[in-house]
Amino acid sequence: MSETEELRAAVETLAAKVRLLEDQVEIMQLVAQYGPAVDSGSATATAELWTEDGTFDAVPHLRMRGRDAIVDMVNGGHQRLIQGGCGHVLTVPHIEVDGDQATGRSYALNIRWDADADRFWVARVSANTWRWSRTPQGWRISERVNASLDGTPEHRAMLAPPPPAGGDRPVGGDPPVGGDPPVERRHARRLEDQ
């Protein structure tokens with residue numbers, strides 16, 4: 001390989017790494033916008049974090065499809081939470097980028113104000129799985145599943161590392177990005193019961 005070819009290869013490798021880092025930072029910024037948007041009651045700004053047909057499953061309470069459903073959630077029951085004092089705090093997600101699609105997992109905390117006790121308390125800690133899509137407007141959420149870490153094995157499995165490339169999934173189960181069938185069936189049963 002000539003010196004010019006080596007230089008060209010090095011530049012291409014660096015360019016690919018920079019693209020990956022830019023994608024990861026943009027996705028992290030997207031996730032970081034959720035808490036401030038939803039807790040300020042900014043319904044349109046919250047919904048625009050998703051693709052037009054994006055989904056948001058807040059297990060077992062609510063399954064939202066499309067931006068209009070997310071706007072309705074923010075303008076609806078969510079108002080009671082934020083008026084009482086509430087903060088949605090999301091951790092930095094682990095992100096796997098594959099071209100124009102990406103997947104990830106993280107935690108989310110729902111922290112609420114207790115005026116009687118003059119303190120905040122953690123009302124919910126949940127596992128989150130994500131799918132993001134690159135759009136003409138930048139990265140957007142195409143799917144988010146948010147499930148309480150209440151001891152349910154399928155919810156805990158959502159946090160498991162992805163399998164090694166070409167290898168079997170580690171002992172401990174399949175992380176259900178997009179929903180493992182048993183979790184999906186349970187979601188459906190709980191939603192029907194409400």
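A pocket, as I use the word here, is an open set of grid points with protein on both sides within 12 Å along at least five of seven lines.

The largest pocket holds about 460 Å³ of space. Its lining is made up of 20 residues, and those closest to the centre are A58, H78, L81, H88 and N110. By type, the lining divides into 9 nonpolar, 7 polar and 4 charged residues. Where in the fold do they come from? At least two residues each are supplied by β1, β2, α4, β5, β6 and β7. In numbering, β1 is 50-59, β2 is 62-65 and α4 is 78-84. Then β5 covers 101-114, β6 covers 119-135 and β7 covers 138-148. The largest share comes from β5, with 4 residues.

Let me step back to the whole chain. There are 6 helices and 7 strands. In sequence order the pattern reads α-α-β-β-α-α-β-β-β-β-β-α-α. The chain has 194 residues, and 38% of them count as buried. Taking the contacts with a separation of 6 or more, 55% are between residues 24 or more positions apart.

Now the confidence. Mean pLDDT for the chain is 87, and 85% of the residues reach 70 or more. The stretch to watch is residues 169-194, where pLDDT is below 50. In the model this stretch still has 52 contacts beyond near neighbours in sequence. Where pLDDT is low, the predicted coordinates should not be read in detail.

N110 sits in strand β5, and it is among the residues closest to the centre of the largest pocket. Is N110 buried or exposed? Its relative accessible area is 7%, which is under the 20% cut-off, so N110 counts as buried. Its side chain makes a polar contact of 3.1 Å with the side chain of R112. Leaving out neighbours within four places in sequence, N110 is in contact with C86, G87 and H88, and also with W121, V122, A123 and R124. Of these partners, H88 is another of the residues closest to the pocket centre.

Y107 is also in strand β5. Its relative accessibility is 39%, between the 20% and 50% limits, and therefore Y107 is partly exposed.

T152 is in the loop between β7 and α5. At 12% relative accessibility it falls under 20%, so T152 counts as buried despite its place in a loop. The side chains of T152 and D150 are joined by a polar contact of 2.6 Å.

A157 belongs to helix α5, which runs over residues 153-157. This alanine has a relative accessible area of 11% and is buried. From A157 to A127 the C-alpha distance is 8.8 Å, and the two are 30 residues apart in sequence.

To finish, two points to keep in mind while looking at the picture. The largest pocket takes the largest share of its lining from β5, the strand that holds N110. And residues 169-194 have pLDDT below 50.

Conventions
Residues numbered from 1 in each chain as written. Predicted model: local features only at pLDDT ≥ 70, side-chain atom pairs only at ≥ 80, totals over all residues. Heavy atoms only, no water. 1 Å grid on protein atoms, 1.4 Å probe; cavity = no way out; pocket = protein on both sides within 12 Å on 5 of 7 lines; lining within 4 Å. Points joined across faces, edges and corners; volume = space filled by probe spheres on them. Nonpolar A, V, L, I, M, F, W, Y, C, P; charged D, E, K, R; others polar. pLDDT = per-residue confidence, 0-100. Contact = heavy atoms within 4.5 Å. Buried < 20%, exposed > 50% of the residue type's maximum accessible area, 1.4 Å probe, protein only. Polar contact = N/O pair within 3.5 Å; in protein donor to acceptor, adjacent residues only side chain to side chain.
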